[in-house]
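Here is a short briefing for a first look at this protein. Start with the fold, then turn to the core and the surface.

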Amino acid sequence: MASTFNMSERGGGTASEKVVLLHGDLDLKILEARSLPNMDMVSKRFRRCLTVFNACCPSGHDSSHSNPASNSGVPQHHHHHGKIITSDPYVKVSVAGATVVRMRVIHNSQEPIWDEHFQVTLAHSTASVEFQVKDNDVFEAQLIGMVTISARYHFVVFTL
């Protein structure tokens, strides 16, 4: 992450709490995440209960093994290859409570690769920049992890 800012300090408190004015272009390159937890294991069974053809099967197998729409009259068996349902991660970058970047969702991955570059113009008074990795779900996004980077110490600063 490289950035060019005009920064001025505001307020009191300790160095880690000081609010600074980030004004300029934030140059972000978000590459990947590794070894994310599987956030969808709990919601997997719930989704299964909502599915018409697979209503609340505790064993995880289809309750119907044949295709009634088949013209041949011969049951067509569906083979499940143990596809693991896992997280659908995305990254959200916030400055002073405002979302400045929201990455695309990488479906069904615990090792997502975004490899995306953003240039964001900022004019925010803040103490930090927050990066959240979230799991995109039908009902509500779940927080997978978060890192907060101090605006005071972790950005390249050029005073204009």
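**Fold at a glance**

From the N terminus on, the protein chain runs β-β-β-α-β-β-β-β-β. That makes 1 helix and 8 strands. Helices (H or I, at least four residues) and strands (E, at least two) are DSSP runs, numbered from the N terminus. This is a predicted model: local features need pLDDT of at least 70, side-chain atom pairs count only at pLDDT 80 or more, and totals for chains, interfaces and linings use all residues. Residues are numbered from 1 along each chain as its sequence is written, and side-chain values use heavy atoms, with hydrogens and water left out.

**Core**

- The largest nonpolar core has 23 residues; Val91, Val93 and Trp114 touch the most other members.
- Strand 3 (19–32), strand 4 (89–95), strand 6 (113–126), strand 7 (128–135) and strand 8 (142–150) each supply at least two of its residues.
- Strand 3 gives the largest share, 5 residues.
- Such a core is a set of buried Ala, Val, Leu, Ile, Met, Phe, Trp, Tyr and Cys residues joined through side-chain atoms within 4.5 Å.
- Buried means under 20% relative accessible area (1.4 Å probe, protein chains only), exposed over 50%, partly exposed in between.
- Of the chain's 160 residues, 32% count as buried.

**Contacts**

- Leaving out residues up to four places away in sequence, Val91 touches Ile30, Val101, Arg102, Met103, Trp114, Gln132 and Val133.
- Contact means heavy atoms within 4.5 Å.
- The charged end of Arg102 sits over the ring of Tyr90, 3.8 Å from its centre; the cut-offs are CZ of Arg (or NZ of Lys) within 6 Å of the ring centre and within 35 degrees of the ring normal.
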